[in-house]
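I opened my notebook to look around a structure that is new to me. Here is what I looked up, entry by entry.

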Amino acid sequence: MESIASLPPLRETIAAHGLDAKKRFGQHFLLDLNLTRRIARAAAPLAGGIVIEVGPGPGGLTRALLLEGATNVVAIELDPRAIEALHELEAVAGNRLSLLEADALEVDLTGLGPAPRRIVANLPYNVSTPLLVRWLHEADALADMVLMFQKEVVDRLIAAPRTKDYGRLSVLTQHVCEVRRLFDIPASAFVPPPKVVSSVARLVPRPAGERLADLGPLERVTAAAFGQRRKMLRGSLAGLFPDPTAVLIGLGLSPTARAEELLVADFVRLANHLTSE
Ligand code: SAH
C-alpha cells in the first residue's frame with residue numbers, strides 16, 4: 001500500500017479541508033498512525049467481509065485499517081467536510097473503501113452488504129452509548145466490534161454486580177456480547193484532547209441461541225430496576241408487574257434485593273417473565 005503511505009500527513013488533510021474539530025460532532029481526532037494501527041491490529045485479521053467504520057473524521061483509523069489489510073471498508077460519516085477530506089484516500093484505496101455520508105444512528109447494517117460484518121471505530125463520544133445499544137439490537141448482523149469509548153463507558157460495559165458501575169448498560173451488553181477491555185489511550189493522543197482517558201474494547205456477540213431474540217423486555221426491566229437503583233426491587237419493579245414480590249420469590253430472588261445485586265442471568269429471567277405475562 002505504497003499509495004496510502006504517500007498521502008499527505010493527516011494534519012495537512014485537516015488544514016486543506018478546514019476540518020477543525022467541532023464539538024457538535026464529538027470530534028477528537030487521532031493523528032498518530034502507530035496508535036490507529038494498534039487499534040486496527042486489535043481487529044485483525046481484517047481481510048474478507050465488511051469492516052464498518054463509524055466516524056472516520058480525517059481518516060487516521062481508515063488509513064490504518066487499509067494498511068493492515070482490510071479489503072472492504074465502509075466508512076459512515078456525518079460531517080460533509082470529513083467526507084470531502086476522505087476523497088483523497090478513496091482515490092488511492094479504490095474499491096477497498098466506500099464512503100457513506102449518513103447519521104450512523106439511522107443506518108441499517110445489513111443493508112451495507114453481506115456477512116461477515118464487523119465494526120471498528122473510534123466513536124463520537126456524544127452518541128457512543130446510543131450507537132452501542134442500537135448495535136446490541138442488531139447483534140445478529142455482526143461478527144464482532146472493536147470500539148473506542150471514554151474509559152468510564154468501558155468501565156460500565158464490563159462492570160460486575162455489586163459495583164458502582166454495574167447498571168443497565170452492563171446488563172444489556174454482557175447479555176448480548178462477550179466484552180473485554182483491550183487497552184487505554186491517553187487524552188493527549190487526540191487533537192483536540194478530550195477531558196478523559198479512552199479505552200478500546202472488543203465485543204463479540206454470543207451465539208443467537210444464547211441470547212434473547214428481542215431485547216425490549218430486558219431494556220424495560222433494567223430501566224425500571226436501575227432507574228431507582230437505591231430502591232428494593234419489589235418497589236422499583238412495581239410499574240412492570242402487578243405483584244413484583246411474588247414474581248421475585250417465584251424466581252428464587254429476594255424481593256428486598258436491590259438492582260445491583262442481581263446477575264445478568266437474573267435480569268434475563270425477569271425479562272422472560274415479563275414476556276410470558
Ligand atoms: N475516527 C476519527 C474521528 C473520531 S471523532 C479519528 O480517530 O481520528 C468522531 C467522528 O464521528 C467525527 O468525525 C464525527 O464527525 C463523526 N460523527 C459524529 N456523529 C456521527 C454520527 N451520528 N454518525 C456518523 N458519524 C458521526
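**Ligand site**

I began at the ligand, where one of its nitrogen atoms is 2.9 Å from a polar backbone atom of Ala-104. I take a polar contact as a pair of N or O atoms within 3.5 Å; within protein, one must be able to donate a hydrogen and the other to accept it, and residues adjacent in sequence count only if both atoms are side-chain atoms. A ligand oxygen is 2.5 Å from an N or O atom in the side chain of Asn-122. An oxygen atom of the ligand is also 3.0 Å from an N or O atom in the Gln-27 side chain. Taken alone, the ligand exposes 570 Å², and the protein buries 98% of that. Those areas come from the Shrake-Rupley method with a 1.4 Å probe; for residues, only the protein chains shown count as cover. I listed 19 residues around the ligand, with Leu-30, Gly-55, Glu-77, Asp-103 and Asn-122 coming nearest; to be listed, a residue needs a heavy atom within 4 Å.

**Ground rules**

I note that this is a predicted model: local features need pLDDT of at least 70, side-chain atom pairs count only at pLDDT 80 or more, and totals for chains, interfaces and linings use all residues. Residues are numbered from 1 along each chain as its sequence is written, and side-chain values use heavy atoms, with hydrogens and water left out.

**Domains and cores**

I found the chain divided into domain 1 (4-210) and domain 2 (216-276); the bounds come from an automatic or database domain assignment. Their centres, taken over C-alpha atoms, are 33 Å apart. I see 13 residues of domain 1 in contact with 15 residues of domain 2, where contact means heavy atoms within 4.5 Å.

Next I looked up the largest nonpolar core, which has 59 residues. Such a core is a set of buried Ala, Val, Leu, Ile, Met, Phe, Trp, Tyr and Cys residues joined through side-chain atoms within 4.5 Å. Buried means under 20% relative accessible area, exposed over 50%, and partly exposed in between (1.4 Å probe, protein chains only). Trp-135, Leu-147, Phe-267 and Leu-270 have the most contacts inside this core. Its largest share, 6 residues, comes from helix H12 (residues 264-276). Helices (H or I, at least four residues) and strands (E, at least two) are DSSP runs, numbered from the N terminus. The core draws at least three residues from each of domain 1 and domain 2. Apart from it lies another core of 31 residues, including Leu-86 and Tyr-125.

I followed Leu-86, which lies in helix H5 (residues 80-93). Is Leu-86 buried or exposed? Leu-86 counts as buried because its relative accessibility is 1%. Leaving aside neighbours within four places in sequence, its contacts include Pro-56, Thr-62 and Leu-99.

Thr-62 is one of the buried residues of H4. In helix H4 (residues 60-67), 7 of the 8 residues are buried, so the helix is largely enclosed by the rest of the structure. Just after H4, Gly-69 takes a positive phi of about 105°.

**Glu-138**

My last stop was Glu-138, in the loop between helix H6 (128-137) and strand E6 (144-150). Glu-138 counts as buried because its relative accessibility is 16%. Its side chain reaches the backbone nitrogen of Leu-109 at 3.3 Å. Not counting residues up to four places away in sequence, Glu-138 touches Val-107, Asp-108 and Leu-109.
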